[in-house]
Amino acid sequence: MVGFSILKREVIKTGLCVRCGTCIGICPVNALDIRDVLGKCEPQQIGKCMECGLCIQTCPGKSFDFGLSTTNQNNLHSHPVLGKFIRIFVGYCHDKDIRHRGASGGMGTAILLHLLDEQEIDGAVVLDYSTDRPYFPEVRLVNDRKDIIKAAQSKYFTFPQNKILKVLRESSFKKVAYFGLPCQVHGIKKALQEGVSGTEKIKYILGCYCGNNLFYEATLSLFKRFGFD
């Protein structure tokens, strides 16, 4: 039997934790949380661990098998930098308002809206900003066009987005699209491979490129640099 103590020793203490929140979202007894999102943003134990081992099995910081994640794909091409792919396109959203709101042409928002309009999904996982703390991200499971549009643009902030798996598991949604960063997507894929309850509702996974992810202190440093108190 393995529990959070193994995750803490082999991943968190060794600097491999990517702060994706997968361990929090999949924990069947809600024994884990991240309570210092504005600080180190590290998972911690807040309840009794049942030592099921899911947290270590689904952790993308511990390991990720890229070959296994693409075994069901046909006609794949391979690139040393881009990885495996079927086809590559360049595009942008035709809706000028959505394109203006987006960070890179509004493609993520446009795809989510299309899936919702075509009833391919009945909800989407998006990262928006908190209503009472406009500087603080908040992951949401939404089913309204205006909420998807509101969540447009990148959030340059380390945030445990995959804790939403707990909400997804308990929700009435049946067909969901997930949008996240590569490390977060890796956590989702590992949870899918393990058959974690609730992940069967995820029908589409959309990801964006990520060069780095910043702690909140980086934003504070930027404010100070430009003279904001």
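**A conversation about the fold and its packing**

Mentor: For 229 residues, a compact globule would have a radius of gyration near 17 Å, and the protein has 18 Å, which agrees. Please keep in mind that this is a predicted model.

Trainee: What are the spans of the C-alpha trace along its principal axes?

Mentor: The C-alpha trace spans about 55 × 50 × 40 Å along those axes.

Trainee: And how many helices and strands does the protein have?

Mentor: There are ten helices and eight strands.

Trainee: What share of the residues counts as buried?

Mentor: Of the 229 residues, 40% count as buried. The protein exposes about 13,600 Å², and carbon and sulfur atoms supply 52% of that area.

Trainee: What part of the contacts with a separation of 6 or more comes from residues 24 or more positions apart?

Mentor: Such residues account for 62% of those contacts.

Trainee: Turning to helix H1, which of its residues are buried?

Mentor: H1 covers residues 4-12, and its buried residues are Phe4, Ile6, Leu7, Val11 and Ile12. Seen down the axis of H1, they fall within an arc of 160°, so they line one face of the helix.

Trainee: Which residues are buried in helix H6?

Mentor: In H6, residues 107-117, the buried ones are Gly108, Thr109, Leu112, Leu113, Leu115 and Leu116. Viewed down the helix axis, the buried residues of H6 lie within an arc of 160°, so they line one face.

Trainee: Which elements do the buried residues of H6 pack against?

Mentor: They pack against strands S5 (123-129), S7 (176-180) and S8 (202-207), together with helices H5 (96-101) and H7 (145-150).

Trainee: What follows H6?

Mentor: Glutamine 119 follows H6, and its phi is positive, near 60°.

Trainee: Let us take some single residues. Where is lysine 190, and is it buried or exposed?

Mentor: Lysine 190 is in helix H9. Its relative accessible area is 8%, under the 20% cut-off, so lysine 190 counts as buried.

Trainee: Which residues is lysine 190 in contact with, leaving aside its neighbours within four places in sequence?

Mentor: Lysine 190 is in contact with Gln57, Thr58, Cys59, Pro60, Ser63 and Phe64.

Trainee: What about glycine 47; where is it placed?

Mentor: Glycine 47 lies in the loop between S2 and H3. This glycine is partly exposed, with a relative accessible area of 26%. From C-alpha to C-alpha, glycine 47 and glycine 195 are 23 Å apart in space, and they are 148 residues apart in sequence.

Trainee: Last topic, the charges. How many are positive and how many negative?

Mentor: The protein has 30 positive and 22 negative charges, and their mean positions are 4 Å apart.

Technical notes. Residues are numbered from 1 along each chain as its sequence is written. This is a predicted model: local features need pLDDT of at least 70, side-chain atom pairs count only at pLDDT 80 or more; totals for chains, interfaces and linings use all residues. Side-chain values use heavy atoms; hydrogens and water are left out. Helices (H or I, at least four residues) and strands (E, at least two) are DSSP runs, numbered from the N terminus. The radius of gyration is taken over C-alpha atoms; the globule rule is 2.2 Å times the number of residues to the power 0.38. Buried means under 20% relative accessible area, exposed over 50%, partly exposed in between (1.4 Å probe, protein chains only). Contact means heavy atoms within 4.5 Å. Accessible areas come from the Shrake-Rupley method with a 1.4 Å probe; for residues, only the protein chains shown count as cover. Lys and Arg count as positive and Asp and Glu as negative; His and the chain ends are not counted. The place of a charge is taken as NZ of Lys, CZ of Arg, CG of Asp or CD of Glu. The arc is that of the directions from the helix axis to the C-beta atoms.
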